[in-house]
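This report describes salt bridges in one structure. Please look over the sequence and the model before reading on.

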Amino acid sequence: MRVLITGITGFVGSHLAEFLLAQGDEVYGTYRVRSRMDHIQPILPKIHLVECELKDSVSVMQLVERIRPERIYHLAAQSFVPTSWNSPQDTMVNNIIAELNLFEAVRKQGLQDCRIQIACSSEEYGMVYPEETPILETNPLRPLSPYGVSKVAQDLLGYQYTQSYGLHIVRTRTFNHEGPRRGEAFVLSNFAKQVAEIEKGLKPPVLEVGNLDAIRDFTDVRDVVRAYTLALRHGIAGDVYNIGSGFTWRIGDALDELLKLTDVQIEVRQDPSRMRPSDVMILHCDASKFMKQTGWKPEVPFAKTLHDMLDYWRER
Ligand code: GDD
């Protein structure tokens, strides 16, 4: 199978590329001049990298024309929620226009058999009331950040392009995912990095945190990439699926679990700059629709995710 991953150099992209290579797929991936290559260094000889600015429609048209992919995993995005408050326009353009360019290229090249997975997000649900949990796909979308709005647009564009043009697009609303290689800005990876730095004596034994009362449903990235491949194998075109473990953690409790993995004494301190203008308080996934459709089940325990993430930062 000829597969294209947008954002192959990133956290999820690199794990997905490894998974697809092990399946015997021919893997192509896009990168930008400023993309970091360390995550994909070990697999560089086995993949085909194509420089492409996804915001540029001509560039994307040439990309799709050249590769003529049979499967596309569209992962490239501005994915950090706080950045979307600082530069909302950049988030909208990166996330919405890039996807639009991709759909237009597939449509205009007439690749009707190409299956496309789009990485939508539980952030689309935003304001969720306690009686609405665990969250089903039918829950209202009430995004609380520009990032959440951009993902709603990506999600609905996926629906519209299937309905209007018959493209085979599967929309996955993934809840929080973590694991080795996770960017240092994201909560558990950030905490794990701070712990590793304190252990090495690179930082005083004070761990800075934001809102510890938010509740998140964490899934290991290795379970998430397996889910994405199943989404394209068994998912219905135009349909939307929640992906998440179904187990929630208060961020403060997840931090306590992480701190059990180190011998050093660490003081936890709130840093007001880590608080958000509006935070999504609870995201708890009901993935039963996806499980029924694809047979997917999360396999990696949360303790292993934390352990592997901490080891990742210790080794850097
Ligand atoms: N980043 C960060 N840093 N978050 C913190 C911190 C901190 O020091 N302290 C507490 N938090 C809280 C945040 O306020 C938020 O409630 C929660 O931890 C998770 O924050 P992030 O890891 O930044 O993730 P997110 O939930 O905002 O968004 C992630 O999940 C989405 C899926 O729901 C991202 O991966 C998105 O790209 C993804 O779509």
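## Overview

Across the whole structure, a search finds 31 salt bridges. The model is a predicted one. In general, side chains of opposite charge can pair when their charged atoms come close. Some of the pairs are described below.

## Asp38 and Arg36

Asp38 and Arg36 form a salt bridge through their side chains, with an N to O distance of 2.5 Å. Asp38 has a relative accessibility of 31% and counts as partly exposed. Arg36 is also partly exposed, at 46% relative accessibility.

## A pair within helix 7

A salt bridge joins Arg226 to Asp223, and their closest N and O atoms are 2.8 Å apart. Both residues belong to helix 7, which covers residues 221–234. Arg226 and Asp223 are three residues apart, about one turn of the helix.

Are these two residues buried or exposed? Arg226 has a relative accessible area of 16%, so this residue is buried, because buried means under 20%. Asp223 counts as buried too, at 2% relative accessibility.

The side chains of Asp239 and Lys289 are paired in a salt bridge of 2.8 Å, N to O. Lys289 counts as partly exposed, with 30% relative accessibility.

Terms used:
Residues numbered from 1 in each chain as written. Predicted model: local features only at pLDDT ≥ 70, side-chain atom pairs only at ≥ 80, totals over all residues. Heavy atoms only, no water. Salt bridge = Lys/Arg side-chain N within 4 Å of Asp/Glu carboxyl O. Buried < 20%, exposed > 50% of the residue type's maximum accessible area, 1.4 Å probe, protein only. Helix = DSSP H or I, 4+ residues; strand = E, 2+ residues; numbered from the N terminus.
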